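The following exercises concern the structure shown below. Each task is followed by a solution in steps.

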Amino acid sequence: MLQERGVGPFDKYEAWLPKLLGDRRFKAVPLPDRKRLFSQEQKQLGQHQREELVAARRQRCGDFAALLAGAEATALLAAAASADEWLRALADSGLGADERWEPVPPDDREKMVRMAFEAHQRRSSEAAALACQAFQALLEEAVLGAGGGVAEPPPFGEVRRLLRAEPRWKAVGCAEKRQSLYAAAAADAARRWLRKRRQEAQDRRT
């Protein structure tokens with residue numbers, strides 16, 4: 001009855017009393033119990049309304065998260081370098097008119113885009129670190145003598161011609177990054193070779 005009549009969680013019993021007196025369901029409740037039952041049912045209605053609001057918000061956010069995931073899978077956000085740029089790129093694209101966009105409040109949209117951007121950045125950083133590790137392993141296996149090092153590492157251009165078809169080479173997309181990694185690995189390989197030779201010479205003397 002209270003739900004049918006639209007009683008709110010903060011409404012006063014006294015304000016509703018004149019409106020309820022004409023309902024036989026209300027009059028069927030003993031007079032001493034009416035206010036207590038009104039308050040009890042009102043709390044339950046309030047809890048139910050809050051649960052519905054939470055569920056609706058969760059659904060809207062879930063739909064918006066799916067929209068974000070779809071955008072990440074395309075080239076739409078590739079050039080964006082910050083969460084704000086992601087948000088602008090989404091708003092300026094056709095996704096800004098998507099039915100999943102408008103129901104989410106701007107603050108929630110901004111928060112979700114920022115979280116998605118940060119997660120994307122973490123994944124990108126982890127992938128880049130793994131690619132660098134694999135690239136360094138390739139150098140060790142192919143040209144730098146693994147654990148023993150080499151006396152004179154080959155020039156980068158020669159290494160590039162030798163390894164450029166390798167997936168682990170291609171996984172590091174930046175040419176300058178490859179060259180920098182090779183320079184550091186080559187210097188380390190030369191130091192390892194020198195330490196090994198010195199140790200061998202010392203062992204021969206003892």
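A residue is called buried under 20% relative accessible area, exposed over 50%, and partly exposed in between, with a 1.4 Å probe and protein chains only. The model is predicted, so local features need pLDDT of at least 70 and side-chain atom pairs count only at pLDDT 80 or more, while totals for chains, interfaces and linings use all residues. Residues are numbered from 1 along each chain as its sequence is written, and side-chain values use heavy atoms, with hydrogens and water left out.

**Exercise 1.** Classify Arg204 as buried or exposed, and state where Arg204 lies.

*Solution.* Step one: the relative accessible area of Arg204 is 64%, so Arg204 is exposed. Step two: Arg204 belongs to helix α9 (helices are DSSP runs of H or I with at least four residues, strands are runs of E with at least two, and both are numbered from the N terminus). Step three: between the C-alpha atoms of Arg204 and Ala186, 18 residues apart along the chain, the separation is 27 Å.

**Exercise 2.** Determine the class of Arg60 by accessibility and name its contacts beyond four places in sequence.

*Solution.* Step one: Arg60 is part of helix α4. Step two: its relative accessibility is 30%, and therefore Arg60 counts as partly exposed. Step three: with neighbours within four places in sequence set aside, Arg60 is in contact (heavy atoms within 4.5 Å) with Pro103 and Val104. Step four: Val104 is 44 residues from Arg60 along the chain, yet their C-alpha atoms are separated by 6.2 Å.

**Exercise 3.** Identify the buried residues of α2 and explain why they lie on the same side of α2.

*Solution.* Step one: helix α2 spans residues 13-20, and Tyr13, Trp16 and Leu20 are buried there. Step two: these residues lie on the same side of α2 because they cover an arc of only 70 degrees around the axis (the arc of the directions from the helix axis to the C-beta atoms). Step three: the elements that cover the buried residues of α2 include α1, α3 and α4.

**Exercise 4.** Describe the largest nonpolar core and the surroundings of Trp169.

*Solution.* Step one: a nonpolar core is a set of buried Ala, Val, Leu, Ile, Met, Phe, Trp, Tyr and Cys residues joined through side-chain atoms within 4.5 Å. Step two: the largest such core has 18 residues, of which Leu139, Leu144, Val159, Trp169 and Tyr182 touch the most other members. Step three: two or more residues of this core come from each of α6 (106-142), α7 (156-163) and α9 (175-205). Step four: residues up to four places away in sequence not counted, Trp169 touches Phe135, Leu138, Leu139, Phe156, Val159, Arg160, Leu163, Arg164 and Arg178. Step five: another core, of 16 residues, lies apart from the largest one and has Leu68, Ala80, Ala83 and Trp101 among its members.

**Exercise 5.** State the position of Gln136 and its class by accessibility.

*Solution.* Step one: Gln136 is found in helix α6. Step two: Gln136 has 33% relative accessibility and so counts as partly exposed. Step three: Gln136 and Gln42, 94 residues apart in sequence, are 67 Å apart in space, C-alpha to C-alpha.
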